[in-house]
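Subject: Structure for you to look at

Hello,

Here is the structure I said I would pass on. My notes follow below it.

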Amino acid sequence: MKQVFRLMPGVAALLLAFPALSQSSDTLTPAPSEDPYDLSLGHNRSRLTVPVRVDGQGPFNFVIDTGAERTVIGSSLAEKLRLAPGRGVTMHSMSGVDFVPTVIIPRLSVSDRKTVTGIQAPALKEAHLGAVGMLGVDSLQAQRVTFDFKNSRMTVMPSKEARKKRYGNAIVVTARSRFGRLVLVDAKLDGQKVWVVIDTGSEVSVGNSVLRARLEKRKRLKETEPVEMVSVTGERVMADYTRADELVLSGVTVKDMPIAFADVAPFEKLELTERPALLLGMDALRAFSTVSVDFAERKVRFITSQPGEDGNFRLAALP
């Protein structure tokens with residue numbers, strides 16, 4: 001039976017297409033922290049959200065997407081806040097390239113000490129977006145974003161200040177910066193070398209056709225089933241859904257990982273159409289207790305509770 005998934009506007013977001021819920025019913029917010037950089041993580045169905053103030057109003061729960069180039073706001077919220085219109089812009093979504101309207105966000109506050117000014121944000125329908133807004137890399141540059149999944153907390157702080165913090169059991173992977181996104185090149189999927197884009201806005205990982213062809217040649221591709229993906233512009237993309245035995249990231253192994261194969265537009269945007277590439281979603285990232293993404297240092301830190309017998313960190317099979 002064909003499944004339907006919803007796609008966010010970033011590099012990848014693959015979500016079950018549940019109807020959008022009201023903010024009071026679809027979020028879970030732990031008790032606030034006294035640390036000005038420490039934020040409570042909520043959840044909108046299966047996505048992570050964080051409280052954000054828009055021009056001093058709110059907070060509003062925005063989806064966190066380290067794979068998205070731009071911060072996006074829901075058109076209804078923009079209208080409610082009477083945000084001034086901006087110039088139309090070209091946006092690369094999963095379904096292709098679209099010309100979309102924008103609004104000007106004078107101030108966007110992620111924490112008491114992290115405020116970005118003058119954001120020209122695409123304004124999209126909440127029904128397609130699946131949230132009231134999305135925090136992109138334009139709001140996260142020069143920052144380290146840490147997702148503490150175990151305690152449902154997120155920390156956003158300047159990279160220079162974050163360097164003082166120690167992670168004794170972290171595996172640190174150096175990434176390449178590609179159009180503002182972090183790409184891991186020391187990775188293998190079922191034995192095939194692959195470039196991996198870290199994307200916290202994606203619920204399921206997406207691989208390109210080059211990766212699929214290499215796996216087929218190695219006879220490592222399992223049976224697939226068709227899925228239909230719906231972008232935030234309402235357009236639909238077909239993909240083939242399956243599971244990979246393992247993804248290895250510098251000694252960290254993710255077992256039995258779901259993956260959808262489709263030549264979606266972000267691969268072209270990131271110039272990754274000629275090499276095996278994977279947009280790594282939250283299904284894999286949640287297997288860790290903590291994931292830290294440092295845009296300034298171009299480093300990703302993975303922390304999990306239990307090391308393997310050989311000293312390398314291992315992850316149990318994903319559900």
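**What was found**

The chain exposes about 13,900 Å², and carbon and sulfur atoms supply 48% of that area (Shrake-Rupley method, 1.4 Å probe; for residues, only the protein chains shown count as cover). This is a predicted model, in which local features need pLDDT of at least 70 and side-chain atom pairs count only at pLDDT 80 or more, while totals for chains, interfaces and linings use all residues. Residues are numbered from 1 along each chain as its sequence is written, and side-chain values use heavy atoms, with hydrogens and water left out.

The chain has 6 helices and 27 strands (DSSP runs numbered from the N terminus: H or I of at least four residues, E of at least two). Of its 319 residues, 55% are buried (under 20% relative accessible area, 1.4 Å probe, protein chains only).

In helix α4 (residues 209-217), V210, L211 and L215 are buried. The buried residues of α4 pack against β18 (187-189), β19 (192-193), β21 (205-207), β24 and β25 (277-280) (contact: heavy atoms within 4.5 Å). Just after α4, K219 takes a positive phi of about 60 degrees.

Regards

How values were computed. Buried < 20%, exposed > 50% of the residue type's maximum accessible area, 1.4 Å probe, protein only.
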